[in-house]
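The report below describes a structural model chain by chain and then residue by residue. Please keep the sequence and the coordinates at hand while reading.

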There are 2 protein chains.
Amino acid sequence: MATNPRVAADQDAPPVTQLLASFVAKHPSRKWSDAAEHEALRTFLNWVGCALGGARHEAVDAALAALAELESAPQASILGRTEKCDMASAALVNGIASHVLDFDDTHLRTVIHPAGPVASGLLAIAEHIGASGREVIDALVLGVDVECRIGNCIYPDHYDRGWHITGSAGMLGAAAGCARLLKLDEKATAMALGIAASQPIGVREQFGTHTKSFHPGAAARAGVLAALMAKNGFTSSARAIEAKRGYARIVSTKTDWTEITGELGTRFEIAFNTYKPFACGIVIHPAIDAAAQLRARGIKAADIERVDLKVHPLVLELTGKKEPQDGLQAKFSVYHGFAAGLIAGAAGESQYDDAFVRSDEVVALRRKVVATADKSIAEDATDVAVTLAGGRKEHVRVEHAIGSLERPMTDKDLEAKFRAFAAPVIGEGKTGALIASCWKLAEAKDVKALIAKARP
Amino acid sequence: MATNPRVAADQDAPPVTQLLASFVAKHPSRKWSDAAEHEALRTFLNWVGCALGGARHEAVDAALAALAELESAPQASILGRTEKCDMASAALVNGIASHVLDFDDTHLRTVIHPAGPVASGLLAIAEHIGASGREVIDALVLGVDVECRIGNCIYPDHYDRGWHITGSAGMLGAAAGCARLLKLDEKATAMALGIAASQPIGVREQFGTHTKSFHPGAAARAGVLAALMAKNGFTSSARAIEAKRGYARIVSTKTDWTEITGELGTRFEIAFNTYKPFACGIVIHPAIDAAAQLRARGIKAADIERVDLKVHPLVLELTGKKEPQDGLQAKFSVYHGFAAGLIAGAAGESQYDDAFVRSDEVVALRRKVVATADKSIAEDATDVAVTLAGGRKEHVRVEHAIGSLERPMTDKDLEAKFRAFAAPVIGEGKTGALIASCWKLAEAKDVKALIAKARP
């Protein structure tokens, strides 16, 4: 058997590795719409908040304990903690923290969580080299664009096969963003993309374990190291993404190159980023949203006799657990989501702790919910009829759940979500200051002051 | 779209992640044949030699320069160099060095290069924690067994699809070996395998670039970190290898579980390891071998009128370059291989430098070689008829090239290969002492003295 055959590059595919490298290295700073720029700030704010929220999770403790055995150098901060790590390791840990609560952002077309792989790498490098806020935003926009365009190229086949696309496309976005931040030229950026292309990270079987959150973290780390290696002359194939035996064809049967090349530099995928208001899979969001609207009308759990909940069939397939026994199971229960929305008006981590899940009031309300799959209901919609004691009925129809592209969380919603994560970790005072710093990121001469506010 | 569906584990597959974890954690030390034990020592010796040979390569320089930016802690040595790195980074660099000359070992059934991913991780950990030679050998045998059994399960589909199997199965062997060396229990070992299962590394498009050698290095590093994370409580799926949306089904259409479970603990794949005598793809080895035999009969290039070389069709497909212009191209030229064997009696790095490749004598002899694809010739065989000036003919038939399982390199051959790599880096004196230390590895109380001899 041959161990070293030379593989001819595939001639059908456009040279997307080079095209992306040129784009990342050369696209002018801030040359995109105000809407894309504002979405970049929202992406960053939401990511910082999620990382603070996850900072004390046991998965983060375990990862930091492992890195302590490697005596990692204190180059970059872990958000919401006092430890520091080398840039690559900090990227890993912040990536884990920002995803471990399943509460981060979503690029809906690809179900990529864009910020974790990209922002985690960028902030670590930025802190160490003293990059400006403007440079970080530029690298974030471009890195997310590469990541989501790769995702658009290979989704859905890639995801359907079992890859956790956030890590298995994200490492390319991370490498792109880190290359931009390190000011690599076009050629070195192509090498960084190539090195990253050999490292798709994450299989969906890990869902429900710490390793799910490892995926965006490891993608971020791969991006940091790929950029540093390319900067120092390490070589890779300049057709690593598109070649016959390159990344895209190996990890997917679908490869639509026009998704990478189309409107490159004029349409920015970060403009389509969305944020979760609730700490569970987004198929449950319409039901929680409807319940919270009923709560706002003054309806109380004790008054409810029966809830008829019409949902898209996928909702019951994925989250049909009627009697969840703990917080983790409750994340896969649309019944619990409705109960949380009506009783608490929220579905944050507090509504997914075991005590809340097992409380009498919640158990009783869950049991009154009758969910029906209905193909006429869209994935981000629901139709709810509530029968109250005495026979009175209330009705709510949600066409687009809060957090969808059509009904995005407002900036104030995002700030409230941020506060809920950050205040218990760094205190109310620093939380307000940190929110202000995130919105003003573009003006920051360097990011160190912002990062200092995220330290407990 | 759902971002967090729970995927049911596939019920058809045996629980191979757990089976392998139990095997790795519990199989008694040195419970295998003397032949397997001796092959482990040969595997180790050959790997140390290859790492020394590659230690000064520009790919290693570039990787170390990148790691210097991370201020990696000096926990473990880089063979043949004065730098030290943290355990994970040392694993990465030694893995790169040992593969960068394409001269390392081969498990012929899977074309995995077994030592790079496994030994690179083990030596780094062993040096830092002070493990004994016995413990290193045990972990090497078990790690290689896991890696090659995984390879047997998914080869050839996995490789044909474009994965560089050394990195994309090797990270599981690395995790297994590191888990054993760290004395993880069965449960933690399963978690280490699970974390590694999310990180297949390497696409074949990288062949011809530094990133090819990055693959075993990154696999080694993934194994070190997976084991450390599992040791510290990081969780993964205990069915990460075999589940429906787990590693094996995602990276291959073929999954023959009996290759993992069959004779587990009685047949050891390390016993089937082979070593390359020549610095090129092994399909060229029969031609070089035949040429060297002709040289030993006293035949000189100047006397040759014509060479008729019958080879397996794959040889010309992969290495049919008739007029290579430099050393890298020459690695894909069976014509050059024959010329090197006849003129130099060897095909080491010296016969693949640009000057040798372009020398008049070599160019002239290459042009006299007429290679013909012949389906009746096996991949590791060749049939050569040489026509000399005056019309005399010489004939050689090689049934199994030197370095094949049927005609392995002797221990003395391996020592000579080692010397050629090591002496220019660490000197003749240390080279002899290091060879002796490798053969006596089982008796070493710790590996530090051996490693010290590999320091320039």
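**Conventions and confidence**

This is a predicted model, in which local features need pLDDT of at least 70 and side-chain atom pairs count only at pLDDT 80 or more, whereas totals for chains, interfaces and linings use all residues. Residues are numbered from 1 along each chain as its sequence is written, and chains are lettered from A and ligands numbered from 1 in the order in which they are written. The predictor assigns the complex an ipTM of 0.92 and a pTM of 0.93. Two residues are in contact if their C-beta atoms, placed from the backbone, lie within 7 Å.

**Fold of chain A**

Chain A has 22 helices and eight strands, where helices (H or I, at least four residues) and strands (E, at least two) are DSSP runs numbered from the N terminus. Its radius of gyration is 22 Å, close to the 23 Å that the globule rule gives for 456 residues, so chain A is as compact as a globular protein of that length; the radius is taken over C-alpha atoms, and the rule is 2.2 Å times the number of residues to the power 0.38. Taken along the principal axes, the C-alpha atoms of chain A fill a box of roughly 75 × 50 × 45 Å. Of the 456 residues in chain A, 61% are buried; a residue is buried if 20 or more other C-beta atoms lie within 10 Å of its own, exposed if 12 or fewer, and partly exposed in between, with C-beta atoms placed from the backbone. Among contacts in chain A between residues at least 6 apart in sequence, 78% join residues at least 24 apart.

The domain assignment divides chain A into domain 1 (16–277 + 438–453) and domain 2 (282–398), with bounds that come from an automatic or database domain assignment. The centres of the two domains of chain A, taken over C-alpha atoms, are separated by 34 Å. Five residues from domain 1 of chain A and four residues from domain 2 of chain A take part in the contact.

**How the two chains pair**

Chain B can be laid on chain A with an RMSD of 0.1 Å by a turn of 180 degrees and a shift of 0.0 Å along the axis. The two copies are thus related as by a two-fold rotation axis. The superposition is by least squares on the C-alpha atoms of residues with pLDDT of at least 70 in both copies.

In the interface, 72 residues of chain B are in contact with 72 residues of chain A. The elements of chain B that give two or more residues to this side include α3, α4 (87–99) and α10 (186–197), while α11(B) gives the most, with eight residues. By class, the side of chain B that touches chain A has 36 nonpolar, 22 polar and 14 charged residues; Ala, Val, Leu, Ile, Met, Phe, Trp, Tyr, Cys and Pro count as nonpolar, Asp, Glu, Lys and Arg as charged, and the others, Gly among them, as polar. Since 100% of the interface residues of chain B are also interface residues in chain A, the copies meet through the same surface.

**Single residues**

B:L67 is placed in helix α3 (residues 58–69) of chain B and is buried, with 25 other C-beta atoms within 10 Å. Leaving aside neighbours within four places in sequence, B:L67 is in contact with B:S72, B:C85 and B:S89.

In chain A, the peptide bond from A:Y155 to A:P156 is cis, with omega near 5 degrees, and A:P156 lies in the loop between α6 (133–154) and α7 (157–161) of chain A. The bond from B:Y155 to B:P156 is likewise cis, with omega near 5 degrees.

Two residues of chain B other than glycine have positive phi values, as tabulated here.
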